[in-house]
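Hi there,

Here is the model I promised to pass along. Have a look at it first, and then read on for my notes.

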Amino acid sequence: MSKTTQYWLMKSEPDAFSIDDLKRKGQEHWDGVRNYQARNFMRDGMRIGDRIFFYHSNCAEPGIVGIAEVATDAYPDPSQFDPKSKYFDAASSRDNPRWMLVDVKFVKKLKRTITLKELQADAALTDMALVRKGNRLSVMPVGAEEWRHILAME
């Protein structure tokens with residue numbers, strides 16, 4: 001039985017970890033997610049080979065800047081166990097980890113940023129989680145039609 005590729009959007013602040021950082025490293029773990037719904041998307045939904053829109057947030061021009069791929073199944077985020085990490089969670093244990101992550105690998109940098117304003121203004125994307133009012137998740141699903149539509153905007 002073949003698996004259907006799923007599509008995601010993952011936000012990162014470019015001064016913390018940018019598409020250029022991922023390009024340079026090739027593959028990196030996506031740590032620090034501390035929202036249960038976003039964690040559940042990584043833990044329960046993401047599969048190796050799924051495609052990801054890499055999104056720069058909290059910057060002058062937020063938007064989709066590249067494409068990455070899920071490289072591993074979800075596993076415990078080691079930063080939750082490190083007291084020196086800003087992502088440390090004293091309530092999480094190795095026997096019952098609270099926070100999960102996946103590794104992502106670089107696929108490509110887009111020729112241009114597809115801005116949040118463009119996405120919000122596009123009538124074909126009104127149901128997309130990213131453009132819904134109040135949605136601040138750092139990890140979210142993207143529909144297959146939304147994925148194709150956005151790729152055509154590049």
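This is a predicted model: local features need pLDDT of at least 70, side-chain atom pairs count only at pLDDT 80 or more; totals for chains, interfaces and linings use all residues.

A few notes on the chain as a whole. Of the contacts between residues at least 6 apart in sequence, 73% join residues at least 24 apart. Buried residues account for 45% of the 154 residues. The accessible surface comes to about 8500 Å², and carbon and sulfur atoms hold 48% of that surface. As for charge, there are 24 positive and 22 negative side chains, with the centres of the two sets 1 Å apart.

One residue I looked at in detail is Gln 80. You will find Gln 80 in the loop between β5 (75-76) and β6 (100-101). Is Gln 80 buried or exposed? Its relative accessible area is 0%, and buried means under 20%, so Gln 80 counts as buried. The side chain of Gln 80 reaches the backbone oxygen of Asp 77 at 2.9 Å. Leaving aside neighbours within four places in sequence, Gln 80 is in contact with several residues, among them Arg 34, Tyr 87, Phe 88, Arg 98 and Trp 99.

Best wishes

Note on methods: Residues are numbered from 1 along each chain as its sequence is written. Side-chain values use heavy atoms; hydrogens and water are left out. Buried means under 20% relative accessible area, exposed over 50%, partly exposed in between (1.4 Å probe, protein chains only). Contact means heavy atoms within 4.5 Å. Accessible areas come from the Shrake-Rupley method with a 1.4 Å probe; for residues, only the protein chains shown count as cover. Lys and Arg count as positive and Asp and Glu as negative; His and the chain ends are not counted. The place of a charge is taken as NZ of Lys, CZ of Arg, CG of Asp or CD of Glu. Helices (H or I, at least four residues) and strands (E, at least two) are DSSP runs, numbered from the N terminus. A polar contact is a pair of N or O atoms within 3.5 Å; within protein, one must be able to donate a hydrogen and the other to accept it, and residues adjacent in sequence count only if both atoms are side-chain atoms.
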